[in-house]
Amino acid sequence: MFISPQRQIHSRLKLVKSITALALIVGITSGCNSDKNKETVVNDASVESQVHFMLASVDNGTCSIIANGETIATADTEVGVATFKDIPVDTGFALIECEGGEYLDEASGELLTPGLTRAYYNVTSPTFTTSVTPLTEIATQVVEVYDLDPITQYADILTNVGDAFGMKGFDLSTAIPMDLNIEEADGSAGGRYGVVLAALSQMQLDIEAESADEVIETLVYGLANNGLFTSDEIRDYYFYAMENMFDNPRIDPNLGYDIDLDAYFHDVVLAPLASQVEYVDAEHPNSTNYEAFSTITANEMSTFDIVGTHLSLNLDVTLGDDKCSLYDLRSLKATNNEFEHNIMHADCPAQNEGQVDLVVMDHDRLESTTTITVESPIVQQANSSKGVSRVSAVASGSSYLFGTITAEAPGVVYDEGAAHKYDSDSLEIFPIAGVPVDMIDADGGVIASTLSNDDGYYQFDTAPESTAVKVVVKAQLQKTRSTPNVGPEYNFAIRDNTSEGNVKKLYELTSSAITIKDEAGSDNKLDIKAKIGFDSNGNVIDGVERESAPFSILRIVKSAADKLEAMNPNIEMPALNLYWSTKNVATSGDIALGQIGTSFYSGNGLWQGVFILGKADSDTDEFDKGVIGHEFGHFLQAQLSYSDSPGDSHGYNEYKDASLAYGEGYGTAVGGLLSGSHYYCDTSGEQQLDGSCDDLTAPLETDRANGFYSEETVIKLMYGIGTLNGKGFTEFFDAVSQMKTGIHSATIFTFLDHYLKSNPDVETDVKSLMATANVKTSDPFGVYPANTPADPAINAEANKGSSSEGANDLEKLYLTINLSAGEAPTGDGDPVVLSNNSPEFCLNNNLPGANLSNGLGMRRRVEFTANYTGNMVISAFNKLNHVISDQSAYIEVRDDTGSAVKVEGYQDNYFGKINVISGRRYSFSLNVTNPEIILKGSQCGYYFELARSADSV
């Protein structure tokens, strides 16, 4: 919050008036003043002690001191103060309980009655002063909820609770809150405490809680056993309350100076959150993508994936008794899906055979222990050779078994409301091409194998006469090289993520049995059709499998593979599982139960692959060619190009980070190009009759977001480029694949740079499309030509929201930092700052769709050239010189070859350490994961710090 000089003068006058008014109160007995005023509260300090019962000042409440299970004193409160006489000096550790009476609620102005509110205090003097407040009650409840020892653990928990709510550095057992009903916060401990209590009062109003007790209960639910927040949702309630105080006419006049409020806000932002480790996965030769692996090889360094929430490179991770090195903290990215998890890696020293514990410590608190089995390489090889062998029959016949394999797909209504048509006249029959086909005997033994051709035709030449056989069709596309680096290589499989076991079931279509004719060399025809499983009205047929769905997904994949192979006969792609199930529903939760949230692609974590919705009468995507092509396109971008999209949810008419807008726009465009349709349709609803179809060739509506930050803009621009006369998918994807190298982010600017350099003959056409798309340059860094008019849709006035200033730099994609010279420090010396002239930047989340971590203004990109070889540490600070917490942001670094640079953990307020080489050009991005750190949605004055650390570190 920033105020004008007039507001600041007015605040000072109010403060003087407030102090003068309070001085007239006889004895100044409120007990809510600064430390200096508190000295006059008690006339006989040698025998009196005070308990300040504060939500605001509680009148006529009752406080009791309980020690060793007995109540040793009781007193009523007046103006928030309960005065006790002759408390025994040897009372020791005591519980103080206060309740009843009434207080004037700061946010609503209503007289309310507080419930039971408690604090622990170690009484060692007859003249102590302490407070009982919602914060002390929160700490007391955490002790109870987690069955902790109050004598040994309450003090640390109270400190953490103070940190979490903005009281960092203040002793909550002795600080006395101001009452903001009658006083103005002054930046002291009491003033800050008063602001915190006013924020809790505002939260009660915001969430429509019936009492302060309900607010306390809500907050305790979001805290871990060390008193730190673990729930983003509940922590956000407190963030919102802090901001809403500024708009509350009862509270705002007494909030004090903006410099104090900014410090308070950023103390909350910087407060650590309790980490929550979800799983640890060993990067191991036998590790699968279906469960966390906990076996490593003896006498070799091991690498672990650590996945959870609120992770930090400052966590302490050990394997056995050896410290592990942490690096590359980032979001667990998934396109289209809202994942709040982080992932980081740990390199751990070699261990001897046996079992050791991988231990994660968080602020001296045990967070996670995973028992790791350490096996010899011989045992590893033996385990890896184990598998289920199939009994093979002898191919002894000479007859022919042949036929055509096809599948049913519904017709699609192409208009603004997508719908599937299942009546027999509307069904599309398509060939199942390029898939493995097995001929099996009655025992399931494989007699022979082949592949179906492009028409879905298969043929076996060794069918055994007078034998009953079946044909099994696998939902898989696989090509394997016989000569290194020659020919295509890939393996795409459609699997059921809800099936049992570690290796999820591959979908197969099994025919009915056919008995091969008695005579040798006979012809035996067996056509196979995968049924759709819906009746003509779009209702699921009971007891009938939806056989064609996996093969419908696979044909889009084959279309892509064929086009890529035509571009590059030696194309190599990593294996990919595409997961579909009739249980896959648009509810986030357990993927193994089908709760996938939406169709998406994930490139890291345990569940790597493409996930496709399949729940009937809800949202089925198996026949939505554009959706499947979009998600498979994300895989192609991640593996054959480069993606630095932050992922997360997104939609049309939103202002998103340039990499998000590019990644999602590219996905839809490439889906259209792969499917051969300019309609992107997504069906849903009862009988699959709802949904929408977007015409990728239609002009953008005039009231939509339009620019490099708009997913919809990028869709139409890229699809238009991919369908230019004389050009096509080859030229389109060639530009995409060229983005695999270089230091730039994957944005529409870098795509245009590569495309125009390779296709100068269509520059005029491309520039025309760019003008319509409000994309003003093809410079790979997004640098505009001189005198380019500012975009009024995203300028400072448009994005400032309720803040006093907006961001004026959202069109500037990259900042350049020129490094000064500096010698490396020795030993434990502080890093030497090299970025004294680092340009300032803004963060902003006020535009529509920008209030998530993938919004425009939530990422800042930097490029620099190293002027030495050695270690560098990187951090970012706000205008108050407060470092941005690495739990609220992370950095990713690339060098000028396009290779990722490892970001290792480093203490002392730095995001991490990298190794640089003199003369090399580097780029990095700051990715803000928690938009709530930006007060009122817009803050400027941030800057980066790059420093040279000791070479030995």
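Cys681 and Cys693 are both buried, where buried means under 20% relative accessible area, exposed means over 50%, and partly exposed lies in between (1.4 Å probe, protein chains only). A disulfide, defined as a pair of cysteine sulfur atoms within 2.5 Å, joins Cys681 to Cys693, with an S to S distance of 1.8 Å. The torsion about their S-S bond is about 115 degrees, so this disulfide is right-handed. Cys681 lies in strand E38 (residues 679-684) and Cys693 in strand E39 (residues 690-695), so the pair ties together parts that are 12 residues apart in sequence. Helices (H or I, at least four residues) and strands (E, at least two) are DSSP runs, numbered from the N terminus.

Before we go on, a word about the model: it is predicted, so local features need pLDDT of at least 70 and side-chain atom pairs count only at pLDDT 80 or more, while totals for chains, interfaces and linings use all residues. Residues are numbered from 1 along each chain as its sequence is written, and side-chain values use heavy atoms, leaving out hydrogens and water.

The structure holds 4 disulfides. Another of them links Cys63 and Cys98, with sulfur atoms 2.1 Å apart. Cys63 sits in strand E2 (residues 62-67) and Cys98 in strand E5 (residues 92-99), so this pair ties together parts 35 residues apart in sequence. A disulfide also joins Cys842 to Cys940. Here the strands are E42 (residues 841-844) for Cys842 and E49 (residues 938-948) for Cys940, so the parts tied together are 98 residues apart in sequence.

Now let's look at the nonpolar cores. A nonpolar core is a set of buried Ala, Val, Leu, Ile, Met, Phe, Trp, Tyr and Cys residues joined through side-chain atoms within 4.5 Å. The largest one has 111 residues, and Leu135, Phe165 and Phe944 have the most contacts inside it. Helix H5 (residues 189-206) gives the largest share of this core, 9 residues. Apart from this core lies another, of 110 residues, among them Ile447, Ala463, Ala530 and Phe749.

Phe749 leads us to helix H15, where it is one of the buried residues. In this helix (residues 748-758), 9 of the 11 residues are buried, so H15 is largely enclosed by the rest of the structure. What covers these buried residues? The cover includes helix H12 (658-675), helix H13 (711-722), helix H14 (729-738) and helix H16 (763-772), with contact meaning heavy atoms within 4.5 Å.
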